[in-house]
Each structure stands twice: as C-alpha cells, then as structure tokens.
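Dear colleague,

Please find below the structure I am handing over to you. My notes on what was found in it follow directly after.

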Amino acid sequence: MRDFDGDGPRRSFGGPRGPRRDFGPREMHKATCSECSQECEVPFKPTEGKPVYCKDCYKKKKGF
Ligand SMILES: [Zn+2]
C-alpha cells in the first residue's frame with residue numbers, strides 16, 4: 001500500500017473520469033425550461049425533442 005498523503009497533487013489527476021476534468025468551469029448550454037419556459041443553462045447539450053428543466057423545476061421533478 002502506498003501512502004498518498006505525502007505524494008503531492010497526484011491524486012486529483014487521472015481519476016475515474018480521466019485527466020483534466022477536475023478544474024475549470026463546466027461547459028454550459030443555454031436552454032429553455034420545458035416547465036416554466038425560463039431561460040436556463042444546463043451542463044449538458046440539450047437534445048431536441050427532450051424536455052429540459054431549470055434547476056427549480058428539476059428539483060420539483062425529483063420530488064422535493
Ligand atoms: Zn423551470
């Protein structure tokens with residue numbers, strides 16, 4: 001077993017999602033919420049024909 005504590009920044013590199021994904025802003029895409037028609041931004045590319053929800057509506061959909 002290695003002791004990662006003294007090994008510098010290496011543990012944030014090459015995680016399960018691959019390298020270079022840990023820093024920098026996520027790419028956001030403009031979309032219109034299917035529920036309240038507000039403009040919002042989502043961290044994924046909106047697919048045409050699929051509903052997109054803003055944060056509020058997404059929460060509601062999840063049952064909060
Ligand atoms: Zn909404």
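**Findings**

Helix 1 is followed by G63, a residue whose phi is positive, near 100 degrees. The helix itself is hardly covered, since none of its eight residues counts as buried.

Please bear in mind that this is a predicted model. The mean pLDDT of the chain is 78, and 62% of its residues reach 70 or more. Among the elements, confidence is lowest in helix 1, at a mean of 90, and highest in strand 1, at 94.

**Overall arrangement**

The chain has one helix and two strands, and along the sequence these follow the pattern β-β-α. Of the 64 residues of the chain, 5% count as buried. Among contacts between residues at least 6 apart in sequence, 2% join residues at least 24 apart.

**The hairpin**

How do strand 1 and strand 2 pair, and over how many bridges? They pair in the antiparallel sense, over four bridges. Together the two strands form a hairpin, with six residues between them. Strand 1 covers residues 29-32, and strand 2 covers residues 39-42.

Two of the pairings may be named. H29 stands opposite V42 in strand 2, and the bridge partner of K30 is E41, also in strand 2.

S37 lies in the loop between strand 1 and strand 2. Its phi is near 60 degrees, which is a positive value in a residue other than glycine. Is S37 buried or exposed? With 9 C-beta neighbours inside 10 Å, S37 counts as exposed.

**E41 in strand 2**

E41 has its place in strand 2. Leaving aside neighbours within four places in sequence, E41 is in contact with M28, H29, K30 and A31. One of these, K30, is also the bridge partner of E41. With M28, the separation is 13 residues in sequence and 5.8 Å in space, C-alpha to C-alpha.

P43 is placed in the loop between strand 2 and helix 1, the latter covering residues 55-62. Which residues does P43 touch, not counting those up to four places away in sequence? The residues are R26 and M28. M28 is also in contact with E41.

The C-alpha atoms of P43 and R26 are separated by 6.6 Å, and the two residues are 17 apart along the chain. P43 is exposed because 9 other C-beta atoms lie within 10 Å, and a residue with 12 or fewer counts as exposed.

**In brief**

With kind regards

Notes. Residues numbered from 1 in each chain as written. Predicted model: local features only at pLDDT ≥ 70, side-chain atom pairs only at ≥ 80, totals over all residues. Buried ≥ 20, exposed ≤ 12 C-beta atoms within 10 Å, placed from the backbone. Contact = placed C-beta atoms within 7 Å. Pairing = 2+ DSSP bridges. pLDDT = per-residue confidence, 0-100.
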